[in-house]
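User: Please take a close look at one part of this model, the chain that touches its neighbours on two sides. Describe what each of those sides is made of.

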Amino acid sequence: MRTDVRKINEKTPHHQLTEGLMIFAGGTSKSFNTGEWRTNTPIYHPEKCKQCLLCTPVCPDSSIPVRDGKRLDFDMDHCKGCGICANVCPFDAIEMKEGNV
Amino acid sequence: MSDFSLKTMMNKPERLAPGHRMCAGCGATIAVRAVLRALREEDHAVIGNATGCLEVSSFMYPYTSWEDSYIHNAFENAGATLSGVETAYKVLKKRGTIPAEDTFKFITFGGDGGTYDIGFQSLSGAMERGHDMVYVCYDNGAYMNTGIQRSSATPMYADTTTTPVGKESAGKMQNRKDLASIIADHDVPYVAQTTLTQNFKDLHKKAEKSIYTEGAAFLNIMAPCPRGWRYETAEIMDICKLAVETCYWPLFEVDHGKWLLSYEPKKKLPIEEFLRKQGRFKHLFKPGNEDLLQEFQEEVDRRWEDLLFKCSRER
Amino acid sequence: MAIKERMSGNEAVSYAIRQINPDVMPAFPITPSTEIPQMVSTYIANGEMDTEFIPVESEHSSMSATIGAEAAGARSLTATSSAGLALMWEELLLAASNRLPLVMALVNRTLSGPININCDHSDGMGARDTGWIQIYAENNQEAYDNFIQAYPIAEDERVHLPVMICQDGFITSHAVENMELLEDEKVREFVGEYEPEEYLLNPGKPIAVGPYSVSNYAMEAKKNQEIALENSKEVILEVAEKFKEMAGREYGLFEEYRTEDAEYLMLIMGSAAGTAKDAVDHLRDAGKKVGVVKLRVFRPFPARELAEALKECKAVAIMDRCESYNGNGGPLGSEVTSALFRNKVMIETVNYIYGLAGRDFTVGDACGIFSDLEEMMVNGKEIEQYQYIRLRK
């Protein structure tokens with residue numbers, strides 16, 4: 001049986017946990033929000049962006065989605081605000097703002 | 001091997017899901033994403049993982065960040081564990097349990113603790129037996145998961161929590177172990193050393209070669225840890241660049257026994273450029289410690305010359 | 001038709017492995033189990049089976065690779081002894097907590113130090129709380145029969161736990177005895193195909209094995225594992241019943257030998273049970289009411305069943321081929337007395353430590369122990385409650 005991660009939480013009785021605590025699914029962490037951790041927030045300025053995509057591989061949190069060869073706005077549910085993307089952008093298309101915006 | 005285009009690579013479906021608990025700015029997951037992008041979309045994979053930051057953060061029950069099958073066993077046995085998985089694949093293929101059209105690739109990740117140190121024997125055994133798998137070390141130069149203790153990958157004079165700088169101590173006393181060379185001496189088909197570079201072409205090409213070369217392969221990726229190295233999280237790409245430009249972390253590969261330099265800086269930068277950005281080397285810049293810096297530089301030069309020699313030999 | 005053959009215990013287990021033809025076997029040599037990987041490798045080299053053998057560089061890696069292979073969906077096993085098992089310790093716990101139905105042939109040998117290659121149960125007993133099912137054999141026939149029953153027990157969906165099939169080093173593993181083998185087809189039919197529901201190599205259906213778990217889940221997971229171990233008791237008996245139908249040989253959680261009206265019992269495990277039975281035969285001829293309870297399944301521990309079997313006797317000698325260094329007796333001594341107490345069976349017990357590191361245990365020793373029990377009960381002789389047999393004083 002495939003694991004429905006929404007049915008497992010810290011109140012689940014023991015017999016409803018998965019055998020050996022295995023997870024029968026991939027990528028279930030998407031439902032865990034790490035965006036709350038941010039102390040700084042990247043702001044994307046699409047008008048300045050040349051779609052060079054240099055910001056996309058440097059994200060430790062897979063939080064710059066790419067579709068059809070173009071980057072989209074940040075995945076704020078997961079971005080931790082490390083600022084690496086802003087640092088590598090040659091066109092100032094990413095601006096770091098203090099706080100969790 | 002495919003032609004590299006950042007656009008093509010970044011368009012591939014992400015195989016490391018967000019929502020893991022690695023620190024903001026972690027180098028390890030940047031490296032992992034880059035390795036996984038080298039997998040062909042149609043290929044399945046089983047990912048192994050030694051205990052460490054990556055493991056406790058990427059599979060915290062019930063949340064797995066891995067889109068592919070994943071196994072963490074213990075700290076010291078990622079090599080052996082994946083060699084069991086790879087052998088299972090061989091036999092299940094042979095016996096027809098896995099359909100002929102399905103291809104699996106095997107990649108295991110370990111930090112330098114799980115790879116250079118506690119898992120060294122297990123890695124050596126797996127490499128020597130020649131399992132068709134890639135062992136990827138994300139080398140951040142200390143036991144970061146337990147709180148920045150020295151490892152055999154820690155550079156000399158680094159300030160760690162078990163080699164603290166003090167009145168009687170200038171940090172770690174020993175040079176780092178050159179693991180890529182040691183694994184190359186196992187005579188495996190492919191070994192490479194790389195790190196995060198601007199367009200990730202070097203890492204990508206090496207990951208692709210290691211995954212798609214038949215037999216055992218080893219990839220050593222320098223993956224800075226902002227917490228342990230003490231630099232601003234945003235600066236990771238500058239740090240990696242300086243590691244390469246100072247020849248502290250040379251990029252090379254050993255392809256079927258042939259040593260190849262992947263990049264030679266036009267002008268080798270002094271090691272201070274790399275060290276100065278990191279809090280763990282702050283004490284080296286205090287007056288009176290010039291000889292320590294000099295010694296560090298000499299060690300970098302010695303290793304660089306040695307590498308140039310290996311790469312110049314005809315095979 | 002059963003096949004009459006003469007074999008050593010290691011040969012018998014290797015023969016069973018060939019018949020089962022599992023998928024993957026990683027192993028590292030250690031006396032006295034070395035012959036098993038040698039014999040399996042020879043079967044493979046001669047094309048008599050097609051298991052993938054991994055010649056790993058240590059026992060730690062053999063258990064690690066066995067775990068990897070089993071999680072990947074392959075029926076897997078390994079073999080070891082003594083220090084090899086000790087080196088695997090962390091991995092033994094993981095095999096069980098990851099609920100992997102793999103199998104190990106353990107050839108019991110003492111643990112260091114001093115280093116010594118002979119039999120006692122300190123290796124198996126050292127692993128008694130790792131979550132494995134442990135089944136001990138008296139002789140070659142039992143080692144063979146137990147091995148054939150291992151996968152059906154481990155792979156049962158009520159269980160999903162690893163199984164250790166134990167035999168005594170040298171005494172059983174190297175001594176050649178007459179035995180009956182089963183036909184290949186019968187064994188294959190009995191063991192069946194391994195068809196896990198979820199496994200790493202299931203294309204398009206990824207799984208994740210071996211998580212970090214916060215306290216909110218870890219305790220529940222441990223309880224689930226304990227329930228599986230409890231469940232295994234009925235599965236072991238069901239498999240034994242099926243085995244009896246096929247092979248005609250009967251197995252339970254333990255064997256009761258001439259116990260019906262016995263006043264004095266000896267509770268013992270492994271090859272020395274044969275010695276104890278011989279002593280009982282002699283003493284019965286002399287009119288003594290004595291018997292043997294031979295424990296086959298040590299994990300799960302059949303506490304209630306043992307208490308029931310012992311309750312009518314006057315005194316029981318609990319025989320440990322292992323020192324547990326708790327200052328109070330051996331592991332069987334602790335577990336059996338606890339079983340008796342909890343089931344309100346208040347009989348006399350004496351815990352004897354015997355046969356450490358290959359020390360002989362003879363029919364005369366067993367007769368002496370029965371006589372001690374009788375002296376204690378009839379004449380009120382003082383008997384040390386925890387003592388060594390054949391120790392030079």
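35 residues of chain B are in contact with 35 residues of chain A, contact meaning that the C-beta atoms of two residues, placed from the backbone, lie within 7 Å. The model is predicted: local features need pLDDT of at least 70, side-chain atom pairs count only at pLDDT 80 or more, and totals for chains, interfaces and linings use all residues. Residues are numbered from 1 along each chain as its sequence is written, while chains are lettered from A and ligands numbered from 1 in the order in which they are written.

On the side of chain B that touches chain A, α1 (6–11), α2 (27–37), β3 (63–64) and α10 (236–245) of chain B each supply at least two residues. Helices (H or I, at least four residues) and strands (E, at least two) are DSSP runs, numbered from the N terminus. By class, this side has 18 nonpolar, ten polar and seven charged residues. Nonpolar covers Ala, Val, Leu, Ile, Met, Phe, Trp, Tyr, Cys and Pro; charged covers Asp, Glu, Lys and Arg; the others, Gly among them, are polar.

Towards chain C, 37 residues of chain B are in contact with 35 residues of chain C. α4(B) gives the most to this side, with twelve residues. The side divides into 19 nonpolar, 13 polar and five charged residues.

Strands also meet here: β4(B) and β9 (residues 208–209) of chain C run parallel, joined by two bridges; strands pair if DSSP finds at least two bridges between them. B:Ile71 has C:Val209 as its bridge partner in β9(C).
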